[in-house]
Amino acid sequence: MARNLRRFFHDKRAITPVLSNLLLMVVAVAAMAIATTATYVITTNLRETMGERLIAEDLWFNPSGSISIYILNVGKTSVQVSAVYVNHTKYSFAPTLFILEVSEHGWLNISCSWTSGNIYYVDIVTKRGYHVADYYKAP
Amino acid sequence: MLQTITKHLKRFKHAKRGLSNVIVVMLSLVILVVISANVILWSYQMNQLDFERIQESIKIANVTRATVSSWFTAQKEYTINAGSRLGGTYTNTKSLDGSYETFREEKTQIFNPNSYILGGSTKYVSGDVSILTSNNDVYMNFRSYPNYEIRYQESLETFSTTSITYQDKVSIVFTPQITADFIIIATAEVQGSSTSYQARARLIVNSTTYQELMYRVKDTTDWYPFCGLKRMTLNESTTYSIKVQFCTNNAAATASIRNAKIIIISLQSSYAESEVLSTTDSTIWQDKVTLAFTPPSDGEYLIIATANYRGSSINRDVNIRLIQDDTIVHADTIGRPGGGTTANYYTFGVMRKVSLSAALHNFKIQYCSSAIPGIAGLNYAHIVAIRLSQFDNNYYAEDESESSPAASNTWYDKVVNTYTAEAGNHLILGSVVYKSGSTSNSVGLDFQTESTSRQLPLVEHRDSTTYETAFFLTMQNLVVGDKTDKIRWMGESTNARVKNARLVSCKMPTLTQTAEVEFIGNSNTQDWTQLEWTIDSSFTTTDVTTTFQLYDYQANQYPTSGDGYMSDNIGLTDITKNQTITTNLTNYRDADGNWKIKVKGVKAADTQFELKVDWVEFKVTTSDIYRLNINNTFAIDLSTYPLNYVHGIEIFVRYNVTEAAEKWFLRAYNWTELTFTSSSFNNTEGNQPTLNEWNEYAVNITEDWRSYVKDDGTLLVEFFDEGLNTNQTIVEIDFFGVRAIIDGARFDLKNTGSMTAHVVSIWIINSTNHKHYDANLFINAGEETTNIRVDISLPEDDFIAKVVTERGNIAVFSAD
């Protein structure tokens, strides 16, 4: 038994093949891990873009002179409104950081004056590029 | 062929070069899966979401104003206070369908209490008087109170210290069961090892000093008496620490203390105090503190007075006395301070039994200086008067004369109190005025009970004219038999004197706990033929002597025997006590039909217990009038109709009668007034039924309706006859219910799609406002539903209503 153990520890013949195989495996695993991560990041962004859905529950031509839109996030990811266009003109809005989590809703106030009886095309654009737009007639 | 396959297999088995390829292939597959999951499957899911949204279809059929809730009906069988049930159950009264529950008028009527009054210091614990209507093991609980509380502690052995900060000698940590005025009395004897320093002792309660002796030692073998008195209110459930402490004022000297005793007792007393230091340079008596009171009747009182005095010069005296009604001198003393003068404070403490008439009396501690110039000072002055009738017994002896010894160093009896004691605790107090008569010899005092010395002061005075006081205290548990208490004395010289020696032994009352409560109710003023009163109760302890009394309005008192009186020994198990009375029945109600029942439980114990009352009933039988009185609870669904949105209550009953000779009434239990009333009802006139047809009777409560609805939405509603009919009537009830009056909105919705819709928002839009309301309503495919929202008040003018689903579909309704 002792002799067999001594022989095993003094045998140097298979070291080079083993090392080469191990190194090859490590390189392969590392390369594929990087590729997997990159793929995950890219596809996650794609998935979130695909998952965005918004609706405007209500649009109120406010007597105070502004336009308020009540937005509901019906998608599968949180959304951030990045721009609001009224008749293709960009307007500022409040709150400036307007983020809705899934199933959340809230008022978005557009600093835009309106005239009774006019038609307004209101387009809301999210940070990922989704937009919800419709025509509204001022009362 | 076989050889070729075998060769390829062996080659494959031994080949290692493909391992990396395999890993790469496997990981590539993982990447493909990730891409599929994130892009293809997600795309599929989003498409499905869009598809479902397209398929979802919800419509608003109508939006109208909702002014009432749905009906809330009985959830349990009706309680019958008068009458009987013939058929049917309460479930028959839940809908307008012709099925009914039948009741019949009877001559008996049951009443339960609507309020209670606590007796003595009994404390309410839990439960409501409304739960006393049945024997159902649901209780009102009341906590007992003690007749008095007492704690006594003594530490007789000698303690010594060189500490200049106070050390504990004897202490009591005490949490009163009830808030009361407590008298605190303390005594001890102190000794100092150096005539240059002080031996100190004080009485404190929670670190506040109420009596303090700073004795400049005259003779290091002396034991100078200390006494303390204080009356203060101690609050229940608060823990107090009462201590006698001692120390020296210089670490070079040793202070010693022995025979220290404290008693705390909550007896009725009259009390006055003046604790701040007062000084005078006058040689005319000055009032320090005055106790003025008028006894409720002639009686014997024990007067105890204490103070600490100081002088300003070693050749001037401080004179102190206790006088009654500005004429009777109970003690007159002369004190001479030692070196250090104003830094030293000495003892004044006396007691005496006096007989007082029921007139205004005053007791004063007065003081003055013996000569000019000289300043006398007095602080911590207290006087208390305790009526002796509070004790089971008291035995008193006094010898007011001045005694001189026939021989020095010989003990003589000054006063002897001999009595035949009953078994039990005795509070034994004594006081004496003494002088050594010499500046080099001491006078010894010996306070004895049953030939055992309880206190042994030995004092050498600084002047031959000095006359000081000593106060004695002990608590002894005596057995039945002849007892002798004594104050003995001894002079080291024949110049010693003693006078005003008094002894009293007071038998302490047995400690008892009492729970006492009166239940008050209303009945009627009809002609009764029989009265039956019932109480079901128990205690949280065993063997409580319990009395039940029904108030006799004719005699203006509770009976102590016969009709209106029951007693029993009740413990942990509920006992139902019942008595039927057939004579003088009007004695047990007042002109308005009110009655009251008192329950009182007494037990000799010092631990508090609780009285548990389960059921109190007052049942009367009338001679000729048939009555029906039923009640039940109705619970408004607060999850749908929160009380904030309720504007009133409507009560409705549909009934049929076999006799139409009298009206029928509705009342509701007013949870504020704790009684059934119909105040604030729109109709209090009752309903005159038509014979043998369904009669509908509805009342509205729109003002003060909240008093009729408990916080949990419960109403207790009563339906009863006018009480005029001598013919027995049968009543059938088809429907009995209550509903809330609201100002809400009713939405009739229909899901015309093939998917379940989840409504998350409701909009009410008019020309001036766009109002959003959160919603959480699921509507199955094809289902029509009605949703009442009490929090939505519809505009008076035209409006648009919208509902929004979770998937993003919007249904619109326009009300013109």
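The secondary structure of chain A comes to 2 helices and 9 strands. This is a predicted model.

Reader: What share of the residues of chain A count as buried?
Author: Chain A has 139 residues. Contacts in chain A with a separation of 6 or more include 56% between residues 24 or more positions apart. The buried share of chain A is 19%.

Reader: How many helices and strands are there in chain B?
Author: Chain B has 816 residues, and buried residues make up 42% of them. Among its contacts with a separation of 6 or more, 80% join residues 24 or more positions apart. The count for chain B is 2 helices and 54 strands.

Reader: What ipTM does the predictor give the complex?
Author: Start with chain B: its mean pLDDT is 93, and 98% of its residues reach 70 or more. For the complex, the predictor gives a pTM of 0.63. The ipTM is 0.79.

Reader: Which element supplies the largest share of the side of chain A that touches chain B?
Author: The contact takes 26 residues from chain A and 25 residues from chain B. On the chain A side, helix 2 (15-51), strand 1 (54-61) and strand 2 (67-73) each supply at least two residues. The largest share, 16 residues, comes from helix 2 of chain A.

Reader: How many residues of the side of chain A that touches chain B are nonpolar, polar and charged?
Author: Chain A puts 26 residues into the contact. They divide by type into 14 nonpolar, 8 polar and 4 charged.

Reader: Which residues is Ile383(B) in contact with, leaving aside its neighbours within four places in sequence?
Author: Nonpolar side chains tend to be buried together in soluble globular proteins. The contacts of Ile383(B) are Ala272(B), Val289(B), Leu291(B), Ile303(B), Ala305(B), Phe363(B) and Ile365(B).

Reader: Which residue is the bridge partner of Arg654(B) in strand 49 of chain B?
Author: Look at strand 44 (residues 646-657) of chain B. It pairs with strand 49 (residues 730-751) of chain B in the antiparallel sense, over 11 bridges. The partner of Arg654(B) there is Phe735(B).

Reader: Which residue is the bridge partner of Tyr655(B) in strand 47 of chain B?
Author: Strand 44 of chain B also pairs with strand 47 (residues 695-701) of chain B. This pairing is antiparallel, over 7 bridges. The partner of Tyr655(B) is Asn695(B).

Reader: Which residue of strand 51 of chain B stands opposite Ile762(B)?
Author: Strand 50 (residues 757-765) and strand 51 (residues 770-779) of chain B run antiparallel, joined by 8 bridges. A hairpin links the two through 4 residues. Opposite Ile762(B) stands Tyr773(B).

Reader: Which residue of strand 53 of chain B stands opposite Ile764(B)?
Author: Strand 50 of chain B pairs with strand 53 (residues 799-805) of chain B as well. The sense is antiparallel, over 6 bridges. Opposite Ile764(B) stands Ala801(B).

Reader: Is Asp137(B) buried or exposed?
Author: Asp137(B) sits in the loop between strand 6 (123-126) and strand 7 (140-143) of chain B. Asp137(B) has 11 C-beta neighbours inside 10 Å. The cut-off is 12 or fewer, so with 11 neighbours Asp137(B) counts as exposed.

Reader: How far apart in space are Asp137(B) and Lys612(B), C-alpha to C-alpha?
Author: In sequence, Asp137(B) and Lys612(B) are 475 residues apart. In space, C-alpha to C-alpha, the distance is 9.3 Å.

Technical notes:
Residues numbered from 1 in each chain as written. Chains lettered and ligands numbered in written order. Pairing = 2+ DSSP bridges. Buried ≥ 20, exposed ≤ 12 C-beta atoms within 10 Å, placed from the backbone. Contact = placed C-beta atoms within 7 Å. Nonpolar A, V, L, I, M, F, W, Y, C, P; charged D, E, K, R; others polar. pLDDT = per-residue confidence, 0-100.
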